[in-house]
Amino acid sequence: MVYSLYEMLALFFIYAFLGWCAEVVYTAVSKGRFVNRGFLNGPVCPIYGVGVLFILSFFHPLREDWFFLLVGSTVVATVLEYLTNRMLEHWVGTKWWDYSGYRFNFGGYVCLNFSLFWGVGAVAIVKWVHPLIYFLLGLVPTLLGQILVGTAVLLLGLDLAASLAAVHGMHHSAA
């Protein structure tokens, strides 16, 4: 399926927000308190937006083939999670998440349990969640949607700049 730039950006922000919500709920349940799980200050985890867009773009033709959709989504999600964790470690100087305590992990960057979880989650998104999200997105008047997406892009850029400046400041104050 081919999406317009507006649709891709809107879907990116929707899934980045939903991913942030999932992370916050998971952490609140497991730790018993609210933790902002993103690298950014705002309520988005871009890895989810990027990951879902990759999966929708590459695996939409396989949406009826559960096995290949599951395997492909698991591989894409695992590679994306690994690369993102490595990049954040390079930029920030520490792992943003660490799976070292889990069996079948690779350097603590990824682990089999979560890779399979991401694969199953991606199947659910492709089969059930995305059709609903895409339908609801179609109900938003295009001009309003473009204004909202433009505002979200601007806020994400400001948030990213502030977050990177804060990390840069931490590195200089620690030196």
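This is a predicted model: local features need pLDDT of at least 70, side-chain atom pairs count only at pLDDT 80 or more; totals for chains, interfaces and linings use all residues.

Biologist: Why are helix 1 and helix 4 called oblique to each other?

Modeller: The axes of helix 1 (residues 5-31) and helix 4 (residues 112-139) cross at roughly 130° and come within 12 Å. Roughly perpendicular ends at 115 and roughly antiparallel means over 145, so the pair is oblique. The crossing is also right-handed.

Biologist: Which residues make that contact?

Modeller: Helix 1 brings a set including Leu 11, Tyr 15 and Glu 23, while helix 4 brings among others Trp 118, Val 129 and His 130. By class, the contact has 14 nonpolar residues, one polar and two charged.

Biologist: And which residues touch the most other members of the largest nonpolar core?

Modeller: That core has 37 residues, and the ones touching the most other members are Leu 11, Tyr 15, Phe 39, Leu 56, Tyr 99, Trp 118 and Leu 156. Helix 1 gives the largest share, nine residues.

Biologist: What is Leu 56 in contact with, leaving aside neighbours within four places in sequence?

Modeller: Its partners are Tyr 3, Tyr 15, Val 126 and His 130.

Biologist: What makes Phe 104 count as exposed?

Modeller: Its relative accessible area is 57%, and exposed means over 50%, so Phe 104 qualifies. Phe 104 sits in the loop between helix 3 and strand 1 (105-106).

Conventions:
Residues are numbered from 1 along each chain as its sequence is written. Side-chain values use heavy atoms; hydrogens and water are left out. Axes are lines fitted to C-alpha atoms, for helices over the stretch in contact, and angles run from 0 to 180 degrees between N-to-C directions. Helices (H or I, at least four residues) and strands (E, at least two) are DSSP runs, numbered from the N terminus. Angles under 35 degrees count as roughly parallel, over 145 as roughly antiparallel, 65 to 115 as roughly perpendicular and the rest as oblique. A crossing is left-handed if the near helix is turned anticlockwise from the far one by less than a right angle, and right-handed if clockwise. Contact means heavy atoms within 4.5 Å. Ala, Val, Leu, Ile, Met, Phe, Trp, Tyr, Cys and Pro count as nonpolar, Asp, Glu, Lys and Arg as charged, and the others, Gly among them, as polar. A nonpolar core is a set of buried Ala, Val, Leu, Ile, Met, Phe, Trp, Tyr and Cys residues joined through side-chain atoms within 4.5 Å. Buried means under 20% relative accessible area, exposed over 50%, partly exposed in between (1.4 Å probe, protein chains only).
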